[in-house]
Amino acid sequence: MDNKFKAVALCSLLVNTPAFAQDQDGLQEIIITGALKREKDIQDVPISISLYSGEFIENSDIRGLQELSLYASNFNISTASQPNNARITIRGVASVGNTAIEPSVGTFFDGVYYARPGSILGLLYDVSSAEILRGPQGTLFGRNTVAGALNIITNDPTSDTELEAGFGYAETNELAYHAMVSGQLANKLTGRLAAKKVSRDGYGFNAFENFNIGDLEDEFARGKLKYQFSENISTKLTIDYSKTESGGSIVELINDSFDNAPSFISTLELLLDDQAANIVTEDDLDRTIYQHHRDFMFSELRNMSLINDLSINGFELKSITAYGDWLGTNKESAIRLPGDLLPRYSYFSNISFSQELQLISPD
């Protein structure tokens with residue numbers, strides 16, 4: 001984590017781009033694709049943009065959008081003690097922290113709008129580029145982009161065969177593996193399949209209940225089929241699936257807050273008897289707690305989109321049809337004490353359907 005924070009200053013100096021083009025002087029142009037719905041030099045787009053290529057995301061081991069926020073100024077994704085209670089902020093502007101409402105920062109994957117911020121925090125893999133557009137984007141992106149837009153473009157199927165696989169191991173028995181295959185399936189038909197999974201044991205310890213906490217299992221898969229009817233007509237079907245299960249975050253109690261509140265300690269002793277003496281551990285940052293902790297989080301997203309594209313005389317007519325189904329469940333120990341007091345359960349279910357028509361004129 002420390003290395004990622006050190007890299008923030010470096011990233012403000014480096015150019016992380018999804019595409020390059022050489023001009024006559026040998027300089028590199030930064031080509032973006034999402035901000036104006038067409039390929040443009042970033043210098044010709046009059047808004048504040050941060051761009052990150054898929055190669056940069058992979059090499060930096062950025063596993064999700066929340067980690068991407070560590071590299072982008074004025075862009076933040078904060079969560080409560082459970083990850084799917086997410087709040088996306090650009091320049092300090094955001095909706096209230098409520099998972100049941102749509103945010104002020106719109107999130108788009110391949111042009112498809114994702115209505116709940118908690119549904120987008122799964123694994124990020126096989127991405128072509130990520131664009132953070134600051135400021136109101138309602139003209140081209142529509143609703144819920146008052147503060148800005150997050151535009152993610154994933155890799156499309158290729159006619160040439162591509163294969164990729166990887167495996168990793170880290171402390172707390174963390175296992176990470178991924179695979180991707182892309183290529184020609186039939187005449188005019190190409191396909192791409194990408195999948196990734198990360199799992200780990202708990203990285204903290206609950207001395208009150210004598211077990212490790214903070215375990216995680218995160219999995220993701222995306223399949224694409226593209227049929228090229230002709231040079232000017234194509235259709236693309238994309239199916240996404242992601243699932244996250246977590247034992248919850250580690251919330252430690254700060255020693256000073258109890259040393260300065262003797263009346264509170266006396267109240268705890270009446271409620272919890274001898275357990276109150278152990279509520280504060282020796283170190284605020286030792287990842288050891290002494291409290292009732294039965295937290296869990298479950299998030300599952302299914303999303304399907306169909307994009308039809310027609311090009312005529314420089315004009316592009318695009319139809320984007322999408323369906324999404326997200327389920328989120330939380331259980332939190334709201335009061336961090338060695339007793340099962342006031343547990344909080346949250347259930348979220350969201351089904352969305354969208355149909356968008358875009359007419360993109362010549363430059």
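**Sheets, hairpins and salt bridges in a predicted model**

Ser50 is buried, with a relative accessible area of 12%; here buried means under 20% relative accessible area, exposed means over 50%, and partly exposed lies in between (1.4 Å probe, protein chains only). The structure is a predicted model, in which local features need pLDDT of at least 70 and side-chain atom pairs count only at pLDDT 80 or more, while totals for chains, interfaces and linings use all residues. Residues are numbered from 1 along each chain as its sequence is written, and side-chain values use heavy atoms, with hydrogens and water left out.

Ser50 belongs to strand S4 (residues 49-53); helices (H or I, at least four residues) and strands (E, at least two) are DSSP runs, numbered from the N terminus. Leaving aside residues up to four places away in sequence, Ser50 touches Ala130, Glu131, Ile132 and Arg134, where contact means heavy atoms within 4.5 Å. With Glu131, Ser50 has a C-alpha to C-alpha distance of 5.8 Å, although 81 residues separate the two in sequence. For the protein as a whole, 61% of the contacts between residues at least 6 apart in sequence join residues at least 24 apart.

The protein contains six helices and 21 strands. Of its 363 residues, 47% are buried. Its accessible surface comes to about 18700 Å², and 53% of this belongs to carbon and sulfur atoms; accessible areas come from the Shrake-Rupley method with a 1.4 Å probe, and for residues only the protein chains shown count as cover.

Eight strands make up an open sheet in the order S11-S12-S13-S16-S17-S19-S20-S21, with antiparallel pairing; two strands pair if DSSP finds at least two bridges between them. At the edges stand strand S11 (162-170) and S21, each of which pairs on one side only. On average, neighbouring strands of this sheet are turned by 5° against each other, direction ignored; the axes are lines fitted to C-alpha atoms, for helices over the stretch in contact, and angles run from 0 to 180 degrees between N-to-C directions. Within the sheet, strand S17 (residues 233-246) and strand S19 (residues 296-312) pair in the antiparallel sense over 14 bridges, and Ser234 has Asp309 in S19 as its bridge partner.

S11 and S12 are joined by nine bridges in the antiparallel sense, with Tyr177 in S12 as the bridge partner of Phe167. Three residues lie between the strands of this hairpin, and Thr172 takes a positive phi near 60° there. Most residues other than glycine have a negative phi. Thr172 is partly exposed, at 28% relative accessibility. A further positive phi, near 50°, occurs at Asn313, which sits in the loop between S19 and strand S20 (315-333) and is exposed, with a relative accessible area of 73%.

A second open sheet has three strands in the order S15-S14-S18, with mixed pairing. Strand S15 (211-213) and strand S18 (288-289) are at its edges with a single partner strand each, so one side of each is left without a neighbour in the sheet. Strand S14 (residues 204-206) and S15 pair in the antiparallel sense over three bridges, and Asn206 has Phe211 in S15 as its bridge partner.

The structure holds 17 salt bridges, a salt bridge being a side-chain nitrogen of Lys or Arg within 4 Å of a carboxyl oxygen of Asp or Glu. One of them joins the side chains of Arg63 and Glu174 (2.6 Å, N to O). Arg63 lies in the loop between helix H2 (54-59) and helix H3 (65-68) and Glu174 in strand S12, so this pair ties together parts that are 111 residues apart in sequence. Arg192 forms another salt bridge with Asp126, with 2.8 Å between the closest N and O atoms. This pair links strand S13 (residues 189-200), which holds Arg192, to the loop between strand S8 (112-114) and strand S9 (127-134), which holds Asp126, 66 residues apart; both Arg192 and Asp126 are buried.

On the surface, Ile239, Met304, Tyr323, Ile351 and Phe353 form a nonpolar patch with about 520 Å² of accessible area together. Patches are made of residues with over 30% relative accessible area and no salt bridge: like charges are joined within 9 Å, nonpolar side chains (Val, Leu, Ile, Met, Phe, Trp, Tyr) within 5 Å. Ile351, in strand S21 (residues 343-360), is exposed at 55% relative accessibility.
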